[in-house]
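Hello,

Here is the structure we talked about. Please open it first, then read my notes below.

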Amino acid sequence: MKKIFYILIAFVLTTFSIGSFANSEGEAMYSALGCASCHGANGRSNDESIPSLAGKDVEWIILQLEYFQSGERENSYMNAMAPMAAGFERSIAEYLSIQDPQR
Ligand code: HEC
(Lines give C-alpha, C1' and ligand atoms only; values in the text may rest on other atoms or scores of the structure.)
Protein backbone atom coordinates (compact mmCIF):
# COMPACT_ATOMS: atom_id res chain seq x y z
CA MET A 1 0.00 0.00 0.00
CA LYS A 2 2.79 2.38 0.96
CA LYS A 3 4.60 1.54 -2.27
CA ILE A 4 1.62 2.56 -4.39
CA PHE A 5 1.48 5.82 -2.49
CA TYR A 6 5.14 6.58 -3.27
CA ILE A 7 4.68 5.67 -6.92
CA LEU A 8 1.70 8.02 -7.06
CA ILE A 9 3.68 10.85 -5.45
CA ALA A 10 6.55 10.29 -7.88
CA PHE A 11 4.14 10.36 -10.80
CA VAL A 12 2.49 13.58 -9.65
CA LEU A 13 5.85 15.26 -9.04
CA THR A 14 7.19 14.29 -12.47
CA THR A 15 4.06 15.46 -14.26
CA PHE A 16 4.08 18.71 -12.35
CA SER A 17 7.76 19.47 -13.00
CA ILE A 18 7.47 18.73 -16.74
CA GLY A 19 4.46 21.05 -16.86
CA SER A 20 6.16 23.87 -15.01
CA PHE A 21 9.32 23.44 -17.10
CA ALA A 22 7.30 24.15 -20.26
CA ASN A 23 5.81 27.23 -18.60
CA SER A 24 9.09 28.61 -17.34
CA GLU A 25 10.66 28.00 -20.78
CA GLY A 26 7.72 29.81 -22.37
CA GLU A 27 8.01 32.68 -19.93
CA ALA A 28 11.78 32.93 -20.49
CA MET A 29 11.40 32.94 -24.28
CA TYR A 30 8.50 35.42 -24.16
CA SER A 31 10.72 37.93 -22.38
CA ALA A 32 14.05 37.00 -24.06
CA LEU A 33 12.60 37.46 -27.56
CA GLY A 34 11.13 40.83 -26.58
CA CYS A 35 7.48 39.82 -27.05
CA ALA A 36 6.75 41.50 -23.71
CA SER A 37 7.99 44.86 -24.97
CA CYS A 38 4.94 45.05 -27.26
CA HIS A 39 2.42 42.60 -25.83
CA GLY A 40 3.08 43.64 -22.22
CA ALA A 41 4.12 41.86 -19.06
CA ASN A 42 2.27 38.54 -18.75
CA GLY A 43 0.68 39.13 -22.16
CA ARG A 44 -1.45 42.05 -21.01
CA SER A 45 -0.94 44.84 -23.51
CA ASN A 46 -1.21 48.47 -22.40
CA ASP A 47 -1.23 49.68 -26.00
CA GLU A 48 -4.59 49.47 -27.77
CA SER A 49 -2.91 48.96 -31.17
CA ILE A 50 -1.31 45.75 -29.86
CA PRO A 51 -3.49 42.76 -28.88
CA SER A 52 -3.27 41.16 -25.44
CA LEU A 53 -2.34 37.49 -25.46
CA ALA A 54 -3.06 36.55 -21.84
CA GLY A 55 -5.65 33.80 -21.48
CA LYS A 56 -5.86 33.07 -25.22
CA ASP A 57 -6.24 29.49 -26.42
CA VAL A 58 -2.96 27.55 -26.80
CA GLU A 59 -3.71 26.08 -30.23
CA TRP A 60 -4.98 29.42 -31.52
CA ILE A 61 -1.78 31.23 -30.48
CA ILE A 62 0.37 28.54 -32.13
CA LEU A 63 -1.69 28.82 -35.31
CA GLN A 64 -1.31 32.62 -35.42
CA LEU A 65 2.47 32.31 -35.00
CA GLU A 66 2.57 29.79 -37.87
CA TYR A 67 0.47 32.11 -40.05
CA PHE A 68 2.85 34.99 -39.35
CA GLN A 69 5.84 32.72 -40.08
CA SER A 70 4.44 31.60 -43.42
CA GLY A 71 3.23 35.08 -44.33
CA GLU A 72 -0.35 33.85 -44.60
CA ARG A 73 -1.13 36.49 -41.98
CA GLU A 74 0.57 39.81 -42.70
CA ASN A 75 1.90 42.25 -40.15
CA SER A 76 5.36 43.72 -40.52
CA TYR A 77 6.23 43.38 -36.81
CA MET A 78 4.92 39.88 -36.43
CA ASN A 79 6.30 38.61 -39.75
CA ALA A 80 9.71 39.58 -38.32
CA MET A 81 9.06 38.34 -34.77
CA ALA A 82 7.28 35.01 -35.30
CA PRO A 83 10.24 33.22 -36.96
CA MET A 84 12.29 33.95 -33.82
CA ALA A 85 9.81 31.94 -31.78
CA ALA A 86 10.45 28.85 -33.94
CA GLY A 87 10.66 25.76 -31.77
CA PHE A 88 9.12 27.56 -28.80
CA GLU A 89 5.63 28.26 -30.19
CA ARG A 90 3.98 25.76 -27.86
CA SER A 91 5.80 26.65 -24.65
CA ILE A 92 5.20 30.38 -25.24
CA ALA A 93 1.54 29.70 -26.05
CA GLU A 94 1.12 27.53 -22.95
CA TYR A 95 2.66 30.22 -20.78
CA LEU A 96 0.39 32.92 -22.24
CA SER A 97 -2.77 30.81 -22.08
CA ILE A 98 -2.56 30.50 -18.29
CA GLN A 99 -1.95 34.21 -17.65
CA ASP A 100 -4.83 36.17 -16.17
CA PRO A 101 -6.24 38.56 -18.84
CA GLN A 102 -7.52 40.88 -16.08
CA ARG A 103 -5.45 42.93 -13.62
C1 HEC B 1 7.15 45.33 -32.28
C2 HEC B 1 5.97 44.92 -31.52
C3 HEC B 1 5.70 43.42 -31.40
C4 HEC B 1 6.54 42.45 -30.93
C5 HEC B 1 7.98 42.60 -30.45
C6 HEC B 1 5.79 41.22 -30.95
N7 HEC B 1 4.53 41.43 -31.41
FE8 HEC B 1 3.04 40.01 -31.59
N9 HEC B 1 1.84 41.42 -32.46
C10 HEC B 1 2.14 42.77 -32.64
C11 HEC B 1 1.04 43.43 -33.32
C12 HEC B 1 0.98 44.90 -33.71
C13 HEC B 1 0.06 42.44 -33.55
C14 HEC B 1 -1.28 42.58 -34.28
C15 HEC B 1 -1.04 42.21 -35.71
C16 HEC B 1 -2.25 42.36 -36.57
O17 HEC B 1 -3.00 43.32 -36.38
O18 HEC B 1 -2.46 41.49 -37.43
C19 HEC B 1 0.59 41.19 -32.99
C20 HEC B 1 -0.10 39.97 -32.98
C21 HEC B 1 0.33 38.83 -32.34
C22 HEC B 1 -0.46 37.63 -32.19
C23 HEC B 1 -1.88 37.45 -32.69
C24 HEC B 1 -2.79 38.14 -31.68
C25 HEC B 1 -4.17 38.46 -32.17
O26 HEC B 1 -5.01 38.91 -31.32
O27 HEC B 1 -4.49 38.30 -33.35
C28 HEC B 1 0.30 36.74 -31.50
C29 HEC B 1 -0.08 35.31 -31.07
C30 HEC B 1 1.58 37.38 -31.21
N31 HEC B 1 1.54 38.66 -31.74
C32 HEC B 1 2.62 36.79 -30.52
C33 HEC B 1 3.87 37.37 -30.36
C34 HEC B 1 5.03 36.69 -29.80
C35 HEC B 1 5.02 35.26 -29.29
C36 HEC B 1 6.06 37.58 -29.84
C37 HEC B 1 7.51 37.33 -29.48
C38 HEC B 1 8.17 36.27 -30.28
C39 HEC B 1 5.55 38.83 -30.39
N40 HEC B 1 4.23 38.66 -30.69
C41 HEC B 1 6.29 39.98 -30.53
C42 HEC B 1 3.31 43.40 -32.22
C43 HEC B 1 4.43 42.78 -31.71
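Rings of Phe, Tyr and Trp (its six-membered ring) count as a pair if their centres lie within 6.5 Å; planes under 30 degrees apart are stacked, over 60 edge-to-face, and the rest tilted. By that rule the structure holds 1 aromatic pair. Tyr-30 and Tyr-95 form this tilted pair, at 5.8 Å centre to centre and 50 degrees between the planes. Tyr-30 lies in helix 1 (residues 2-32) and Tyr-95 in helix 5 (residues 89-97), so the pair ties together parts that are 65 residues apart in sequence. Helices here are DSSP runs (H or I, at least four residues), numbered from the N terminus. Both Tyr-30 and Tyr-95 are buried (under 20% relative accessible area, 1.4 Å probe, protein chains only).

Two cautions. The model is predicted: local features need pLDDT of at least 70, side-chain atom pairs count only at pLDDT 80 or more, and totals for chains, interfaces and linings use all residues. Residues are numbered from 1 along each chain as its sequence is written, and side-chain values use heavy atoms, with hydrogens and water left out.

Now the ligand. There are 18 residues around the ligand, and Cys-35, Cys-38, His-39, Arg-73 and Met-78 come nearest (near means a heavy atom within 4 Å). A polar side-chain atom of His-39 lies 2.7 Å from a ligand nitrogen. For Arg-73, a polar side-chain atom lies 2.9 Å from a ligand oxygen. The shell around the ligand has at least two residues from each of helix 2 (35-39), helix 3 (58-70) and helix 4 (76-81). Helix 3 gives the most, with 4 residues.

Best wishes

Key:
Polar contact = N/O pair within 3.5 Å; in protein donor to acceptor, adjacent residues only side chain to side chain. Buried < 20%, exposed > 50% of the residue type's maximum accessible area, 1.4 Å probe, protein only.
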